[in-house]
Amino acid sequence: MRIVAVRQWFIDPASPQIFRLFGFAGTGKTTVSHEIANLVEDDGDGKVLYGAFTGKAALVMRQKGCRKASTIHSLIYTLDDDGTSIPKFTLNEDSAVKDAKLVIIDECSMVGAELAHDLLSFGVKILVLGDPAQLPPVQDAGFFTNRKPDFMLTEVHRQARDNPIIRMSMDVRAGKGLEHGDFGACKVLRRGELDPAEALAADMILVGTNVKRHICNRRHRELKKIDSPTPLKGERLVCLKNDRAKHLFNGGTWTVEKVRKSNGAAVRMVVAPEDAGDTRQSTEIKVHPYFFEGREGELQWEELKKFQQFTFGYALTVHKSQGSQWNNVVLFDESAVFRDDRARWLYTAVTRAAKTLTVVA
């Protein structure tokens, strides 16, 4: 039925440009999108393109067999760099999207109105995938989730139910508490039981509050014996605010390639996006050192607007992690802070892990 519904939408020229296919973790959204893509390509009706808001989400799509999945930005924008001013990204009228028959977008809750309108301007049909059990999208996002789904997947596949992470996500969604223990790919530890080596080995540490984020980032750097208050080459940063002219987006993680200058007034660095694949584009940023001390709240707007906004990215809040996924995640359960959104926060956190998850609760 689900394939029939999507296929009928695709072949009907009078149908809307967007089809919203939503479902919980493990219900087979990606599998359905594969089947639809194969139908489109097997019919000789043209190519299918895959995209996501973040480079990390695009990487996860590629790992799941979505060929050449990339960020939406790299799909539809081009770098306009005349060498005389700050490089800007402008809509690419010759984008491959214009010749595609279908574009499939994952983690669609992260897409804001401006980006969505630019994508829709090509007139190509868009199949968007989303999970309504996750936290509401961050500010200036959620264009595709502002309406009810055209089709909702609710049955978790048998093989997914055997996955400890998916089983935990189902329990959390049902309102059940976490049970301490080792469940193979997933384990739940008590406070104080986490081996620091596990935290260092994690691809990402997730927390609930900014206070905990600062503590974890500081501790991570201490364990790595880094005593510089500002970033060094090779360190991971996270972007805190969009800067479209520089192709910077809130929640994106970056690696420091070079530190050009660092003093009490500013830190100038060349950074490169993580897991961007062929679309990797380094850029130069200027950040106030207060951001690396957790003191950015002391800066006035007139001062803030002179800088890009970055901080250390070894630990992220779950809100900042939306739209991304990592193989090995350590999660500090601060769900109690979010009260009515407790279950959605924890569900979103758990489903950020692709292979192994360690929860400290």
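Tutor: By class, the residues lining the largest cavity comprise 2 nonpolar, 3 polar and 1 charged. They are Met 110, Val 138, Asn 250, Gly 251, His 319 and Lys 320. The model is a predicted one, and the space in this cavity is computed at about 40 Å³. In total, 2 cavities of 30 Å³ or more are present.

The loop between β6 and α5 (113-120) deserves attention next. Ser 109 is found in this loop, and Ser 109 counts as buried because its relative accessibility is 12%, under the 20% cut-off. Apart from neighbours within four places in sequence, the contacts of Ser 109 are Pro 137, Ala 141, Gly 142 and Thr 145. Glu 107 belongs to the loop between β6 and α5 as well. Its relative accessible area is 16%, so Glu 107 is also buried. The backbone of Glu 107 has a phi near 50°, a positive value in a residue other than glycine.

Although Lys 225 is not a glycine, its phi is positive, at about 60°. Lys 225 sits in the loop between α9 (210-223) and β12 (236-239), and with a relative accessible area of 74% it is exposed.

Strand β6 (102-106) leads on to helix α3, for β6 is among the elements that cover the buried residues of α3; the others include β2 (48-52), β3 (70-71) and β18 (326-332). Helix α3 (residues 55-63) is largely enclosed by the rest of the structure, because 7 of its 9 residues are buried. Those buried residues are Gly 55, Lys 56, Ala 57, Ala 58, Leu 59, Val 60 and Met 61. At the start of α3, the backbone nitrogen of Ala 57 has a side-chain oxygen of Thr 54 within 3.0 Å. Just after the helix, Gly 65 adopts a positive phi of about 95°.

Helix α3 also contributes to the largest pocket. At least two lining residues come from each of α2 (29-42), α3, β7 (125-130), α6 (158-161), α7 (164-173) and β19 (353-360). The space in this pocket is about 750 Å³. Its lining has 32 residues, of which Ala 25, Gly 26, Lys 64, Ile 166 and Gln 325 are the closest to the centre. By class, 10 residues of the pocket lining are nonpolar, 16 are polar and 6 are charged.

The largest nonpolar core contains 48 residues, and Met 269, Leu 331 and Leu 357 have the most contacts inside it. Helix α12 (residues 342-350) gives the most to this core, supplying 5 residues. As for Leu 331, its contacts beyond neighbours within four places in sequence are Leu 206, Val 318, Trp 345, Leu 346, Ala 349, Val 350, Leu 357, Thr 358, Val 359 and Val 360.

Methods
Residues numbered from 1 in each chain as written. Predicted model: local features only at pLDDT ≥ 70, side-chain atom pairs only at ≥ 80, totals over all residues. Heavy atoms only, no water. Buried < 20%, exposed > 50% of the residue type's maximum accessible area, 1.4 Å probe, protein only. Helix = DSSP H or I, 4+ residues; strand = E, 2+ residues; numbered from the N terminus. Contact = heavy atoms within 4.5 Å. Polar contact = N/O pair within 3.5 Å; in protein donor to acceptor, adjacent residues only side chain to side chain. 1 Å grid on protein atoms, 1.4 Å probe; cavity = no way out; pocket = protein on both sides within 12 Å on 5 of 7 lines; lining within 4 Å. Points joined across faces, edges and corners; volume = space filled by probe spheres on them. Nonpolar A, V, L, I, M, F, W, Y, C, P; charged D, E, K, R; others polar. Core = buried A, V, L, I, M, F, W, Y, C linked by side-chain atoms within 4.5 Å.
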